[in-house]
Amino acid sequence: AYFLAQLEILCKQLYETTDTSTRLQAEKALVEFTNSPDCLSKCQLLLERGSSSYSQLLAATCLSKLVSRTSNPLPLEQRIDIRNYVLNYLATRPKLAAFVTQALIQLYARITKLGWFDCQKEDYVFRNVIVDVTRFLQDSVEHCIIGVTILSQLTNEINQADTTHPLTKHRKIASSFRDSSLFDIFTLSCNLLKQVSKNLNLNDEGQHGLLMQLLKLAHNCLNFDFIGTSTDESSDDLCTVQIPTSWRSAFLDSSTLQLFFDLYHSIPPSLSPLVLSCLVQIASVRRSLFNNAERAKFLSHLVDGVKRILENPQSLSDPNNYHEFCRLLARLKSNYQLGELVKVENYPEVIRLIANFTVTSLQHWEFAPNSVHYLLSLWQRLAASVPYVKATEPHMLETFTPEVTKAYITSRLESVHIILRDGLEDPLDDAGLVQQQLDQLSTIGRCEYEKTCALLVQLFDQSAQSYQELLQSTNSSSMDIAVQEGRLTWLVYIIGAVIGGRVSFASTDEQDAMDGELVCRVLQLMNLTDSRLAQAGNEKLELAMLSFFEQFRKIYIGDQVQKSSKVSAPLTFYFNCAHGGCFCFRITNLKYWGQCEPITSKTLQLLNDLSVRKLVKLSAVQFMLNNHTSEHFSFLGVNNQSNLSDMRCRTTFYTALGRLLMVDLGEDEDQFEQFMLPLTAAFEAVAQMFSTNTFNEQEAQRTLVGLVRDLRGIAFAFNAKTSFMMLFDWIYPSYIPILQRAIELWYHVPACTTPVLKLMAELVHNRSQRLQFDVSSPNGILLFRETSKMITTYGNRILTLGEVPKDQVYALKLKGISICFSMLKAVLSGNYVNFGVFRLYGDDALDNALQTFIKLLLSIPHSDLLDYPKLSQSYYSLLEVLTQDHMNFIASLEPHVVLYILSSISEGLTALDTMVCTGCCSSLDHIVTYLFKQLSRSTKKRAAPMAQESDRFFHIMQQHPEMIQQMLSTVLNIIIFEDCRNQWSMSRPLLGLILLNEKYFADLRNSIVNSQPPEKQQAMHLCFENLMEGIERNLLTKNRDRYVLFISVPS
């Protein structure tokens, strides 16, 4: 009794107290309770005698953890007892607290799922789920609710994969449940819904709750992942529900569909969203479930139901109903062809009702804005289908699509004044939502494009004229100017979108000419806004311009675009410029919007995308190449008010400049030196600061960070040998010492060290074989020395930081270490350094770099290696290079270091990142190949004595055979039982692992064979026999390839 009282106090403290320390102490004590050996018996005691709901919840939660654990699982008899106990407990206590009932039902569902294939006397003891709940369904309403909730939770539980068990096991359970029980559960839910709907009394709270649980059950059945494709349930892209053929009868019978439409009209708005969710799934059943006649009949019933809702739209004032109904409308086109829809008897009336509903929805832009996506999706799909429809019946979209286009455009324009007047949230601030809607409108607007164009020209001319008049007037209000700028912002976005929509349709010369009219208007507006930039500018309008230019670039500028296009005629008429010329006006942004990061970054990205040969001759581009200083481009300046991280855009800027410079650079060193003058001056300034004992540290940091970001952009762009060698000769040996000095001074300031380390990593990266030194040049070795020095300097200093808070460890420490790993990998695999000469001539640069790598590695917990993706990728790719080319170094390491590396490989084999997993397989393959070769040499008659490091490595492996055995087991299980995405890589180390552990492999093979059902054991045994047939006991390439081929070819 005392023990129970203590537990109940702890539970109350955990769930009710507001004092953090008390709650943490209670949590710690309860964790100890859940891990205690007698937890199971104490949980039963809690359920029997506990007086508070919290103690019952604790017991249910603990039991769920016990039945879910993969190590030391509970015996079958014990799990059967728990299952029966939970059912009896729920049956005798129907009025438990809701969260306790939910936790107990969750426990039942978990036991049932994990024990789905467990047999007792040839009976699958956990599969009689409908029998288990029958007694609940035949009792009171409270019992009925519990029974239905059990089925609903079980369906949901089996549909969801968990991370603690293999995905293949989850799919086997889900498939078996789908085939044996799911249809019966769905049929039961429909029958119960019919019964409840006949005697519906919504004033009865119990009946209301039962109806809600029945609808959830039906929805869970229809939402089941029937074929194992839904990886993300939040995605609405998977619009087809893969209903099994055995369910055909339920959907051929129109009463199923009618049941849900009738329920929608008879139940309150609080429940009807669930009905509509079920209808969305029913409307999405796969096409192949029906033949043509059956599909037409089903579609007719579906459209009639939609028509009835549209004719009685009162319930759609509820946002949840409205949202689900919009989803239902979108599914009409995503699952049925326009040619099928037009043949439905009431199609003309229905398309008119849908168009009216859409127009009304768009006009009420402030109501449920997230639902508009589905309506626009419907019209987008309808408009895209027009060129392909073959039915003789009229589709009438030429009438209704322009109405939808007009409603969208005018409603956005009308919203501007209301948003500014009332201080509402501006939709333009949500760039993702706006872009999504514009992508949809781009297709809709291209249907009957003449009407769209005429409307846009009319509205644009009105707003542009009003805007110009307001600017010229001396007494115009700022509100009126802001309204016109807001309207023009929307219009520029929309014009860009409809021009981008050209890609979806076979365009005519006349439509290209219309595009030209729209483009000219935007360019005229741009001239007007640019002329005012010295006084004032509108950020949102500038962003709209950039969006417009990006769309125009995709359609009308580039190597794939036909040279002759009608769009050029109006452009030439108004501006007398070529296709690319108009974009150079955006360089104005870099002059006046230098401190606005969104505009600067988008402008630079556009410039980067436009770095093509035809732009180089333009005067604006030549101006940039000759005047890339802060005097002309403010974002290149050293601004004391901004953060060091705000300089990222400079890399993009110089990447674009570098590509433009390379077009005509050739071997012209004078032109290169001229271009580099501003950067030379900056380096000299930093060198001057470093030469004095006292200097402005903040100014030095800002100058250096800006400089190295600029240089990384240039280094990235220079991917040809000639240009990159110019850059290399410019920076080495003159300026590398400044970078080394910066690392020494500011190793603890990531905002400084990260750009410097990234620059060095870029300089040593032999991209496109650009690092090719002459045979008489020592520069490759000298470059490695500098790399080694930087890694050693940074590594030794960063390890002096001591304990770093968990939330800051990546920014302060791991990010820099990750870049060092990438740098070392790039230089080791660059193929421009002969690493044998270092030891030959007593140079410790290689040893220093590798020893620093080991120190840094040992400072990182295993969990962090896999928790941070960039660190994972840089570490495992470096390890792959080390095990391939520097295995003697790995073999010479201390035992604890070797075991750390092997453990990291073992954990990486099961990583979700395929790149990490593949790197681990390759590293493991190199290690086992090295071991096997050393072992083979030692058994030869004329064997040379094993090298000291090899002997030590071999001894470590003999002392810890479990490491290699564990990896053999892991690799084999992944290949056999899991959905292996990189089977070739996984198979590569397997032969070596088997040859090193033949006895363990034999035991493992027998264990795997015996774990299969009796009827499959012989086939599995035969597969293993065939796998080794004809395979020799060596790791020669030919033998390996034959073995990997045997694994890859299904038996």
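Helices run the show here: the protein has 51 of them, against two strands. Keep in mind as you look around that this is a predicted model. Of the 1051 residues, 53% are buried. If you count contacts with a separation of 6 or more, 76% of them link residues 24 or more positions apart.

Now zoom in on a helix pair. Two packed helices are described by the angle between their axes and the distance between those axes. Take α32, residues 697-717, and α34, residues 736-746: they pack at an angle of about 130°, and their axes sit 12 Å apart. The crossing of the two is left-handed.

Which residues of α32 and α34 meet? From α32 come E697, A700, Q701, L704 and V708, and across from them α34 brings I738, L739, A742 and W746. Sorted by class, this contact has seven nonpolar residues, one polar and one charged.

One last stop is K28, which you'll find in helix α2, residues 20-34. Is K28 buried or exposed? K28 is exposed, because its relative accessible area is 58% and the cut-off for exposed is over 50%. L14 lies 14 residues away from K28 along the chain, and the C-alpha atoms of the two are separated by 9.8 Å.

Note on methods:
Residues are numbered from 1 along each chain as its sequence is written. This is a predicted model: local features need pLDDT of at least 70, side-chain atom pairs count only at pLDDT 80 or more; totals for chains, interfaces and linings use all residues. Side-chain values use heavy atoms; hydrogens and water are left out. Helices (H or I, at least four residues) and strands (E, at least two) are DSSP runs, numbered from the N terminus. Buried means under 20% relative accessible area, exposed over 50%, partly exposed in between (1.4 Å probe, protein chains only). Contact means heavy atoms within 4.5 Å. Axes are lines fitted to C-alpha atoms, for helices over the stretch in contact, and angles run from 0 to 180 degrees between N-to-C directions. A crossing is left-handed if the near helix is turned anticlockwise from the far one by less than a right angle, and right-handed if clockwise. Ala, Val, Leu, Ile, Met, Phe, Trp, Tyr, Cys and Pro count as nonpolar, Asp, Glu, Lys and Arg as charged, and the others, Gly among them, as polar.
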